Amino acid sequence: MGVIRKLARVLFKILEWFAMICMVILTIVVFVDVVLRYIFNQGFAWSQEVATLMLVWFSLIGMAIGVLERIHISIEMFTVKLPAKAISIIESIDHLLIAAFGGGMIYYGITIMNLTKKSTLPATKLPSSVLYVILPVSGLLVLLNAILVAAKQNDQIINEDTEVSGKEKKNA
C-alpha cells in the first residue's frame, strides 16, 4: 500500500502544480493582452483561446483536487443533528455519486472529443479536441479521488505527516 500511497501523493502534487501553472499562464496572457489592447490598440489574436483553454483546464483540475481535499460545496444544516454512523453513510453515498459523476465526465468527454477532433480552433489552429481532452482526464481524477475519499484514504495522501513509522507504532 505504501507504493500506491506515494504514487498518489506524487500525482496529487503534479495536479496542484499543473493547476497553478494554468492559472499563471491565464493571468499573464490576459494581463499582457489587456495592456496591449488598451495602451497600444493591438492584441494577440490567440489570447482569448489560450485564456479559455487555461481557465477550463484549471477549473476541472481544481474540481478533482477539491474532491480529494473534500472542499466541495455541501449543506451541513441537514446532517449536523444526525448520528455519526448516519453521517458516515451519507458521506459515502455522496462520494459514490461524485464518482458516478466522474464516470459521466469520462464517457461524455470522450464523446465530445470524438465529435470535435476534425475541427480546429480559429486562432491557434489547434484541434478543438484539445479544449475537451481535460474532461475525461479530470473525470478519471474525480472518479479516483471520490473512491479514495469514500474509502477514507485521502488523509494519508494529502498529509505526509500522517504516516507513522514502525518504531512509533510500537511506542504508541
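**View 1. Burial and surface of the protein chain.** Of the 172 residues of the protein chain, 27% count as buried (under 20% relative accessible area, with a 1.4 Å probe and protein chains only). The model is predicted: local features need pLDDT of at least 70 and side-chain atom pairs count only at pLDDT 80 or more, while totals for chains, interfaces and linings use all residues. Residues are numbered from 1 along each chain as its sequence is written, and side-chain values use heavy atoms, with hydrogens and water left out. The accessible surface, from the Shrake-Rupley method with a 1.4 Å probe, comes to about 11,600 Å², and 70% of this area belongs to carbon and sulfur atoms.

**View 2. Helices of the protein chain.** The protein chain has seven helices and zero strands (DSSP runs numbered from the N terminus: H or I of at least four residues for helices, E of at least two for strands).

**View 3. Packing of H1 and H2.** The axes of H1 and H2 lie 8 Å apart, and the two helices pack at an angle of about 150°; axes are lines fitted to C-alpha atoms over the stretch in contact, and angles run from 0 to 180 degrees between N-to-C directions. H1 and H2 are therefore roughly antiparallel to each other (angles over 145 degrees).

**View 4. The largest nonpolar core.** Among the 27 residues of this core, Met54, Trp57, Ile61 and Ile65 touch the most other members. A nonpolar core is a set of buried Ala, Val, Leu, Ile, Met, Phe, Trp, Tyr and Cys residues joined through side-chain atoms within 4.5 Å. Helices H1 (2-40), H2 (47-69), H3 (84-116) and H5 (134-150) each supply at least two residues of the core, and the largest share, 11 residues, comes from H2.

Definitions and conventions
Buried means under 20% relative accessible area, exposed over 50%, partly exposed in between (1.4 Å probe, protein chains only). Angles under 35 degrees count as roughly parallel, over 145 as roughly antiparallel, 65 to 115 as roughly perpendicular and the rest as oblique.
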